[in-house]
Amino acid sequence: MNILIAEDEKSVRMMLKAALRKTKLKPIIACDGREAWDILCARDDIRLVLTDWMMPEMDGLSLVKKIRERKSEKYTYIIMLTALATRHNMLDGFAAGADDYVSKPFHISELLVRIRAGERVLKLEDALSEKNEELTNLNKKLVGLARVDALSQIGNRLAFNEEMEKRQAEAARYNRGYAIIMCDIDRFKQYNDTYGHPVGDKLIRLIATTLKEQLRSTDQVFRYGGEEFAVVLPEQDIEGATVVAEKIRAAVEGKQIEHKGSDTDTLTLSLGVAAWQNYGAQERNQTPEQAQEQECEPEQSEDVIKRADNALYEAKQSGRNRVCNA
Ligand SMILES: [Mg+2]
């Protein structure tokens, strides 16, 4: 470990250097506070500072203050050397951020003990920040995991809700509309009953992959519930979204997945589509700003979801394997 020594008296510098020879510390010498500060600014491998109080150019107190003011990731441990004349000022030194002090003239053994205490503090600090970093990384991982559906490896309901919040905020603010597609596997319960749950799980994964294949890079697919998926399509109107939904429906049908429990022996999807509406503005032929002035509330995301759900229900009621839009 390096130790920066700031001391203007040559004889004291020599003594300190000699004392440190008994340790594994590597002394770096500065003849005043200014030089010490320049060295600290130029390199980032100095954690331990031993500084005299009274020095030309910049005194020890100013040096301590400057060290504490800088933005440094790692802690710097500072020991001040104080002559009798400055000892009664030591409170100022601690207030400025010094960790310890040694009186001048000093006993080498006392100085070494205090330096060792500083090294211990730095080691503990390093261990703590390492643990902290581990925790931060783990936390980041957890935040991600909490939003991924374990079975299908696509976004889960929480991720969907967050995406909808973003879309809704953009829509309300910039009139950037969005559409959603609710997709539900037809007769999934019968599928599970016929083929067993492990095969049912595999099917969920296959449908998730198939959905992803049909989307633009800006669109996102989520597992909404058991056998229900939700697709969010930014800046897409109802016509465009209906085309995408039809593509998805055809892609799943095209896979020709056997489903003995269904009407057609083939596994299919039903889909409901809805696009966000800027109610007031559209009806009155207004810009979003004009609508806002007259306090015409734009449609809320819950209502878009509800309309897509209703459309999905209609698709189911009218015979499944089809797309209905709201
Ligand atoms: Mg001095």
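Predicted model: local features only at pLDDT ≥ 70, side-chain atom pairs only at ≥ 80, totals over all residues.
## Ground rules

Local features need pLDDT of at least 70 and side-chain atom pairs count only at pLDDT 80 or more, while totals for chains, interfaces and linings use all residues. Residues are numbered from 1 along each chain as its sequence is written, and side-chain values use heavy atoms, leaving out hydrogens and water.

## The sheet

Let's start with the open sheet, where five strands pair in parallel in the order 2-1-3-4-5. Strands are DSSP E runs of at least two residues and helices are H or I runs of at least four, numbered from the N terminus; two strands pair if DSSP finds at least two bridges between them. Strand 2 (26-30) and strand 5 (100-103) each have a single partner strand, so one side of each lacks a neighbour in the sheet.

Strand 4 (residues 77-82) and strand 5 run parallel and are joined by four bridges. Ile79 has Asp100 in strand 5 as its bridge partner.

## The magnesium site

Asp8 (OD), Asp52 (OD) and Met54 (O) coordinate the magnesium ion at 1.9 to 2.3 Å. Donors are N, O and S atoms within 2.8 Å of the metal (3.2 Å for Na, K and Ca); water is not among the atoms, so sites may look incomplete.

Asp8 counts as partly exposed because its relative accessibility is 28%. Buried means under 20% relative accessible area and exposed over 50%, with partly exposed in between (1.4 Å probe, protein chains only).

## A residue in helix 6

Leu138 is found in helix 6 (residues 108-145). Leu138 is also partly exposed, because its relative accessibility is 47%.
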